[in-house]
Amino acid sequence: MNHSRLYRYGLLTLSAVFLAGCGNSGTSAPKESADQFVARLNKDMAELSLDGNQTGWLQATYINDDSQAVSARSNDRFLAYFNAAVKQARTYDGQPMSPASQRTIYLLKQGVSTPAPDDPARRAELTRLASDLDAAYGKAKFCLEGEKKCLGIDGLGEALAKTRNYDEALKIWAGWHNQAAPMRKDYERFVELQNEGARELGYKDTGALWRAGYDMSPDEFSVVAEKLWNQVKPLYDALHCYTRGKLSAKYGADKVKPGEPIPAHLFGNMWAQQWNRLYDDLLMPYPKARVESADRALVTQKWDAARMTKSRSEE
């Protein structure tokens, strides 16, 4: 993952799992069976998803006040629809329905990654904050060489991946992450409203809602996650040990200290999520057993985004 937006596509998570929505904004269920209710939701949510994707694309492509406002209104419509749908779905508890409809209603109750309060003013505040934070992220730049070389996340990420100078990597990494400082107050309020929405859906907070989406309770999920983590932890410990040794040899034991966490800015990735940009020159354990990657082959053959898109459209 190169980078991710704060939340725009999170509002549409529900439609990626299943198509569900609500035909009116009331709190009582319509006079229809559960199966009819779900069939209507499928149709309605398809329209909402299209609108959300279109306005989200506009905001990501043309970052300005107008695109932010349009996207925020679209997200507000989605969340209002979602909240009403959940309330209506609860009226079908215990009623006969097909297994498919039962599964859809179950997922509907957990199907949004950014829950919003029912109160229209507070819901609108949340969607506005989300749109503003998303735009601030997209517009953020850091100047590596004064005002002549100001880069956004893509350019800075590439610079971080290529440099092998400790101080330069730290400057790039800190320069980008410091752009988030002015967003803190808005983000805290965003989380506060998000948690309020989660509580209205019956969860302790947004984290509990997220953990509930795996056919188990949030507490059960935490237990399973901890068990799985402990199973793979020895592998991660070994990988970190090996990588720490290689980076210590490159930058010095005073900068990459034995037995301590590896400085995040040395991984060649702005979030230390991937280490692949270090592999060829720093981390490859057996150079003679080189394994070609698809990325390297594409670069060698001069395939870029434009050529890939054109090739696909000509098929």
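The axes of helix H3 (residues 65-90) and helix H5 (residues 120-139) cross at roughly 135 degrees and come within 9 Å. The model is predicted.

**H3 with H5**

- The crossing of these two helices, H3 and H5, is right-handed.
- On the H3 side the contact is made by Gln68, Ser71, Ala72, Asn75, Asp76, Leu79 and Ala80.
- H5 contributes Pro120, Arg123, Ala124, Leu126, Thr127, Arg128, Ser131, Asp132, Ala135 and Lys139 to this contact.
- Sorted by class, the contact of H3 with H5 has seven nonpolar, five polar and five charged residues.

**H2 with H3**

- Helix H2 (residues 34-61) packs against H3 at an angle of about 160 degrees, and their axes are 8 Å apart.
- H2 is therefore roughly antiparallel to H3, a term that applies to angles over 145 degrees.
- The crossing in which H2 passes H3 is left-handed.
- From H2, the residues in contact are Phe37, Arg40, Asp44, Met45, Leu48, Asp51, Gly52, Thr55, Gly56, Leu58 and Gln59.
- From H3, they are Ser67, Gln68, Val70, Ser71, Ser74, Arg77, Phe78, Tyr81, Ala85, Gln88 and Ala89.
- The contact of H2 with H3 divides into nine nonpolar, nine polar and four charged residues.
- Gln68 and Ser71 of H3 are listed in the contact with H2, and Gln68 and Ser71 are also listed in the contact with H5.

**H10 with H11**

- Helix H10 (residues 218-251) and helix H11 (residues 276-283) have axes 11 Å apart and pack at an angle of about 65 degrees.
- H10 and H11 cross with left-handed geometry.
- Tyr242, Thr243, Lys246, Leu247 and Lys250 of H10 meet Leu278, Leu282 and Leu283 of H11.
- By class, five nonpolar, one polar and two charged residues make up the contact of H10 with H11.

**Largest pocket**

- The largest pocket holds about 820 Å³ of space.
- Its lining comprises 27 residues, of which Glu158, Ala161, Asn276, Arg277 and Asp295 are the closest to the pocket centre.
- Helix H6 (153-162), H11 and helix H12 (294-300) are the elements that give two or more residues to this lining.
- The lining of the largest pocket has 11 nonpolar, seven polar and nine charged residues.

**Largest cavity**

- The structure holds one cavity of 30 Å³ or more.
- About 40 Å³ of space lies in the largest cavity.
- The residues lining the largest cavity are Leu160, Thr163, Arg164, Ala169, Tyr251, His265, Leu266, Gly268 and Leu278.
- By class, five residues of the cavity lining are nonpolar, three are polar and one is charged.

Methods:
Residues numbered from 1 in each chain as written. Predicted model: local features only at pLDDT ≥ 70, side-chain atom pairs only at ≥ 80, totals over all residues. Heavy atoms only, no water. 1 Å grid on protein atoms, 1.4 Å probe; cavity = no way out; pocket = protein on both sides within 12 Å on 5 of 7 lines; lining within 4 Å. Points joined across faces, edges and corners; volume = space filled by probe spheres on them. Nonpolar A, V, L, I, M, F, W, Y, C, P; charged D, E, K, R; others polar. Axes fitted to C-alpha atoms, helices over the stretch in contact; angles between N-to-C directions. Helix = DSSP H or I, 4+ residues; strand = E, 2+ residues; numbered from the N terminus. Left-handed = near helix turned anticlockwise from the far one by under 90°. Contact = heavy atoms within 4.5 Å. Parallel < 35°, antiparallel > 145°, perpendicular 65-115°, else oblique.
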